[in-house]
Amino acid sequence: MKFTFPIFVASLALLGACAERYDAVSFVVQGDEIVASGAIDHTTLSAFEEITAANPEIKTLVLQNIEGSVDDDANVVFSRVVRDEGFDTVVPSNGLVASGGTDLFLAGNRRTLEPGACVGVHSWGGGGYVAANLPENHPEHDRYLDYFNDIGVDPAFYWFTLDAASEDEMHWMSAEEANRFNMATRNSKSLGSTVICDER
């Protein structure tokens, strides 16, 4: 999918130009996995609880295409449930996570980035704030830093996202960058290129 920016990150708003029209996350069972695609919003958790109640034996969540969220609070709540329920997360070789979708991926107990997967990060902006312009001790950072701390992610990753790209751009991570922050349980060999990820 080709992105049209701005996207507001770490989960604030998905696509500025399309914020009123988006496809909320849908879940489907495929074998022993639950596959998710769409934008995270206030309906995501209830949809997830419905499908997991019907399939309690499944503990792998495949993130096929999660561009971000339209509600950062809903994203953090949902991601914490994914962690608390002991789910593993996978971005397949033809899959994509970006913005709040990347935060969701990191909630996995075991995390897999298949070769060619796209992982996007950037700074966030909204509510009158631009994250990259705020001092490091500003309380607006706390919701993200607290979340990363609770799921065992190095806070350096958060500061990396703010510098990687502005709120109206996207940085597609390299395998080297993903490995630096231990994003996957096992080191990634290769991730999708910028050209591929922009088009996906």
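How many disulfides does the structure hold? In this predicted model there is one. The disulfide joins Cys 118 to Cys 197, with an S to S distance of 2.1 Å. The torsion about the S-S bond of Cys 118 and Cys 197 is about -95 degrees, so the disulfide is left-handed. Distant parts of the chain are linked by this pair: Cys 118 lies in strand β7 (residues 118-121) and Cys 197 in helix α7 (residues 194-199), 79 residues apart. Both Cys 118 and Cys 197 are buried.

A helix pair comes next. Helix α4 (residues 142-150) packs with helix α5 (residues 155-164) at an angle of about 140 degrees, and their axes are 8 Å apart. Angles over 145 degrees would count as roughly antiparallel; α4 and α5 are therefore oblique to each other. The crossing of α4 and α5 is right-handed. On the α4 side, Tyr 144, Leu 145 and Phe 148 take part in the contact, and they meet Pro 155, Phe 157, Tyr 158 and Trp 159 of α5. Sorted by class, the contact of α4 with α5 has seven nonpolar residues, no polar residues and no charged residues.

Helix α3 (residues 100-105) contains Leu 104. Is Leu 104 buried or exposed? The relative accessible area of Leu 104 is 1%, and the cut-off for a buried residue is under 20%, so Leu 104 is buried. Leaving aside neighbours within four places in sequence, Leu 104 is in contact with Ile 40, Leu 63, Asn 75, Phe 78, Ser 79, Val 82, Thr 89 and Tyr 147. For one of these residues, Asn 75, the C-alpha atom is separated from that of Leu 104 by 7.4 Å, although Leu 104 and Asn 75 are 29 residues apart along the chain.

Two loop residues call for a look at the backbone. Most residues other than glycine have a negative phi. Ser 99, in the loop between β5 (96-98) and α3, has a positive value, with phi near 55 degrees. Asn 182, in the loop between α6 (175-180) and α7, also has a positive phi, near 50 degrees. As for accessibility, Ser 99 counts as buried at 2% relative accessibility, whereas Asn 182 has a relative accessible area of 52% and is exposed. The cut-off for exposed is over 50%.

Note on methods. Residues numbered from 1 in each chain as written. Predicted model: local features only at pLDDT ≥ 70, side-chain atom pairs only at ≥ 80, totals over all residues. Heavy atoms only, no water. Disulfide = S-S within 2.5 Å. Helix = DSSP H or I, 4+ residues; strand = E, 2+ residues; numbered from the N terminus. Buried < 20%, exposed > 50% of the residue type's maximum accessible area, 1.4 Å probe, protein only. Axes fitted to C-alpha atoms, helices over the stretch in contact; angles between N-to-C directions. Parallel < 35°, antiparallel > 145°, perpendicular 65-115°, else oblique. Left-handed = near helix turned anticlockwise from the far one by under 90°. Contact = heavy atoms within 4.5 Å. Nonpolar A, V, L, I, M, F, W, Y, C, P; charged D, E, K, R; others polar.
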